[in-house]
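Let's take a friendly walk through a protein model. Have a look at the picture before reading on.

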Amino acid sequence: MNKIIRCTRCVMDNNTDPDIYFYRNGTCNYCTDALKHMSEMYYPNEHGELKIQEMVKQLKNQNFGSKYDCIMGISGGLDSSYLLYLGKQWELIILCVHVDDGFNTNTANENVAKLLKATDYDCISVKPCFPQYNALLKAYLKASVPTVTIPQDNVLFAELYSIIQREGISYFLSGGNFAQESINTKSYGTLMGADLINIQSIHGAHGTEPIDKLSFFSTDEYNRFKELGIETITPLNYINYNKKDALITLSKFCDYQYYEGKHLENIWTAFMHTVWLPQKFGLDLRTNYLSSLIISGQIDRDEALLILKQPYCDAEKLAMYISVIKNRLNITDVEFDDIMSAPVRQHTDFENSEEYKRNLFTIPTSINVDTKVIIFGAGNWGEYAYKILEGRCSIIGFYDNNDEKHFTEFFSRKILPPPGHLMHRDCQENLVVIACKDSDSVITQLNKSGYGRGIYKFDYDESLIYKV
Ligand SMILES: [Zn+2]
């Protein structure tokens, strides 16, 4: 293993992410980005108070067709529990959904019961078909991929969205928050939880039971819900969300009990964080959580380093997690050892929707391996275009109209000032593929600048790149 280099501001290191980038002063790209985006995502101030008032008004006024203002998933974990408490203070009418996947800790289940009693909210409790669900989790272990909680997330969202549709609800309250989650390791091969093609592929390779009795959620459905205007709101970003204060408040409100650490309210999630990732992948994702807390000013770096030196949880707990997993998933001791020592794989080693989409794309023959291409747009669309075009032509860089992005890098390529910009340096031999929302104004911009080479447009929805 390479020498561990750790950021001098947060606690991210090159073991948690081999692609981490360090600046000359020793700080990393993660905390630098988080700090840069903090003011536009996290409002622990008067601005946040205003946002809450607006949000409550919006949810109350637009709940036509439903007796509920919004829906939320509750796990008994701190974030969703505290959000539920706040929702009650804001007098919102919330429909709760609780997924009992058989791995909730007793503490989490008791917390859910206490919260529901104290808030008097309606709750729909959902249980997936255990034999099929457990067999799918086992397939994930046998596939040796890192994020074995994907089936769990997918099933939860499938239930949430089917209830949203049935009840005619327009708003989904999420416990996602900047204060404790601003930093997330990017490069250990994660895919979207809604990538049903990937789930089916892993099931196809290692599953032993059918999965026809489980509800799933796909990227297409995710996009459809967005089109229907179903909105996800993250109110914990509008308050000074402090973990210690939240625990004290919840304990007074309903005798809420803490469960030792983030992600440990569910035995499957706890197993992934304390056994699976550290022992098989050498990953301790507490670095993400602790770095986020440093950035939101809840702990200092020395305190975080001390926590990292301690084991995630005690040996007795680890043994309990492993024993529960073996028991529920019918894994023998020998089989478990084989699974733990099998070579590591990535989610992308299995079929996935990105690959599927890539194969679906029609690209004109004028763009081929010998063509030099600059992608116009270094945002989400640019990222999609990059993934589609990578390996099919020579991508030499990006153009973007945002001055702040100029001469920084995107997918290890330079972002350049576009034609028409004062700083632009002409690159005669390149084709331009426009990959941004407002492509018409970019076409006008390129035409005005006298850009006479090939101009192409990237159309994600139609899976097409065509000459303008
Ligand atoms: Zn950092």
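The sections below cover the overall build, the domains and the cores.

## About the model

This is a predicted model, in which local features need pLDDT of at least 70 and side-chain atom pairs count only at pLDDT 80 or more, while totals for chains, interfaces and linings use all residues. Residues are numbered from 1 along each chain as its sequence is written.

## Overall build

The protein chain contains 18 helices and 12 strands (DSSP runs: H or I of at least four residues for helices, E of at least two for strands, numbered from the N terminus). Its radius of gyration is 24 Å, close to the 23 Å from the globule rule for 468 residues, so the protein chain is as compact as a globular protein of that length. Here the radius is taken over C-alpha atoms, and the rule is 2.2 Å times the number of residues to the power 0.38. Along its principal axes, the C-alpha trace spans about 70 × 55 × 50 Å.

## Two domains

The protein chain is divided into domain 1 (29-341) and domain 2 (361-467), with bounds from an automatic or database domain assignment. Between their centres, taken over C-alpha atoms, lie 37 Å.

## Inside the protein

How much of the protein chain is buried? Buried residues make up 37% of the 468 residues, where buried means that 20 or more other C-beta atoms, placed from the backbone, lie within 10 Å of a residue's own.

A nonpolar core is a set of buried Ala, Val, Leu, Ile, Met, Phe, Trp, Tyr and Cys residues joined through C-beta atoms within 7 Å. The largest has 73 residues, of which Cys70, Ile71, Met72, Ile94 and Tyr140 touch the most other members. A second, separate core of 24 residues includes Ile375, Phe376, Ala378 and Cys436.

Notes: Buried ≥ 20, exposed ≤ 12 C-beta atoms within 10 Å, placed from the backbone.
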